[in-house]
Amino acid sequence: MTQVEARWEHYEHGADIGVRGLGATKGEAFEQAALALTAVITGPAAVRPLERIALACQAPDDELLLAEWLNALVYEMATRRMLFSRFAVKLSGARLAAEAWGETVDTARHRPAVEVKGATYTTLRVAPEGEGWLAQTVVDV
């Protein structure tokens, strides 16, 4: 059995941007989708994981849970004026408990490209992919 490499990527979708996370587990795919969300705004390597926040959400299925998770991050980024570069997600049925590490936005250093308004249901998908998991959706910018 080959080990699935955790990674994130973007894909084009009209005026918006698709975020995709791939991982060995569903939780890891959610973490990578969150990293792809950060990468829409700035290079994740530029964001220092200095402050930890806890997040929790729930939804009736995996796809809606992914949208809730990303929207919870968008909310935290907006209200705390933070960016995040490290994530730990625990999934239990319809519930997600997570921690995100990041820092206050420094416009000179982070050079934010766009503001993400929220995750949409466009191309929303959470499913097994090869020997791992895929978690993707389009975010409104």
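**Figure 1. Arg111 in the loop between α3 and β6.** Arg111 is exposed, with a relative accessible area of 65%. The model shown here and in the other views is predicted. Arg111 belongs to the loop that runs between α3 (107–110) and β6 (118–119). Its phi is positive, near 45 degrees, in a residue other than glycine. Most residues other than glycine have a negative phi.

Figure 2. Phi of Thr123 is positive, near 55 degrees, and the residue is other than glycine. With a relative accessible area of 34%, Thr123 is partly exposed, since partly exposed residues fall between the 20% limit for buried and the 50% limit for exposed.

**Figure 3. The hairpin of β1 and β2.** Strand β1 (residues 7–13) and β2 run antiparallel and are joined by seven bridges. Among the paired positions, Trp8 has Gly21 of β2 as its bridge partner. Two residues lie between the strands of this hairpin, and Gly14 takes a positive phi near 55 degrees. Strand β2 (residues 16–23) is mostly covered, with six of its eight residues buried.

**Figure 4. Strand β8 between β2 and β7.** Strand β8 (residues 132–140) pairs with β2 through seven bridges in antiparallel fashion. Here Val19 has Thr137 of β8 as its bridge partner. Strand β7 (residues 125–129) is also antiparallel to β8, and five bridges join the two. In that pairing the partner of Pro128 is Trp133 of β8. β7 and β8 form a hairpin with two residues between them, and Gly130 in the turn has a positive phi of about 60 degrees. In a regular strand the side chains alternate between the two faces of the sheet.

Figure 5. Helix α1 covers residues 26–41, and its 16 residues should span 22 Å at 1.5 Å a residue. The C-alpha atoms at its ends are 24 Å apart, which agrees with that expectation. Of the 16 residues of α1, 14 are buried, so the helix is largely enclosed by the rest of the structure. Thr38 is part of helix α1. The relative accessibility of Thr38 is 1%, and Thr38 therefore counts as buried, the limit being under 20%. Thr38 and Pro112 are 74 residues apart along the chain, and their C-alpha atoms are separated by 9.7 Å.

**Figure 6. Helix α2 and its two ends.** Helix α2 covers residues 62–80, and its 19 residues should span 27 Å at 1.5 Å a residue. The end C-alpha atoms of α2 are 27 Å apart, in agreement with this value. At the N-terminal end the cap is Asp61, with a side-chain oxygen 3.2 Å from the backbone nitrogen of Glu63. Arg81 follows α2 and has a positive phi, near 55 degrees. The buried residues of α2 are Leu65, Leu66, Ala67, Trp69, Leu70, Ala72, Leu73, Val74, Glu76 and Met77.

**Figure 7. The largest pocket and its lining.** The largest pocket holds about 240 Å³ of space. The elements that give two or more residues to its lining are α2 and β4 (82–92). The largest share, three residues, comes from α2. In total 13 residues line the pocket, and those nearest its centre are Met77, Ala78, Arg81, Val105 and Glu115. By class the lining has ten nonpolar, one polar and two charged residues.

Figure 8. Ser85 lies in strand β4. At 17% relative accessibility, Ser85 counts as buried, because the limit for that class is under 20%. The side chain of Ser85 reaches the backbone oxygen of Val47 at 2.8 Å.

How values were computed:
Residues are numbered from 1 along each chain as its sequence is written. This is a predicted model: local features need pLDDT of at least 70, side-chain atom pairs count only at pLDDT 80 or more; totals for chains, interfaces and linings use all residues. Side-chain values use heavy atoms; hydrogens and water are left out. Helices (H or I, at least four residues) and strands (E, at least two) are DSSP runs, numbered from the N terminus. The expected span of a helix is 1.5 Å times one less than its number of residues. Buried means under 20% relative accessible area, exposed over 50%, partly exposed in between (1.4 Å probe, protein chains only). A polar contact is a pair of N or O atoms within 3.5 Å; within protein, one must be able to donate a hydrogen and the other to accept it, and residues adjacent in sequence count only if both atoms are side-chain atoms. Two strands pair if DSSP finds at least two bridges between them. On a 1 Å grid over the protein atoms alone, a cavity is a set of points where a 1.4 Å probe fits but cannot get out, and a pocket is an open set with protein on both sides within 12 Å along at least five of seven lines; lining residues have an atom within 4 Å of a point. Grid points are joined across faces, edges and corners, and a volume is the space filled by probe spheres set on the points. Ala, Val, Leu, Ile, Met, Phe, Trp, Tyr, Cys and Pro count as nonpolar, Asp, Glu, Lys and Arg as charged, and the others, Gly among them, as polar.
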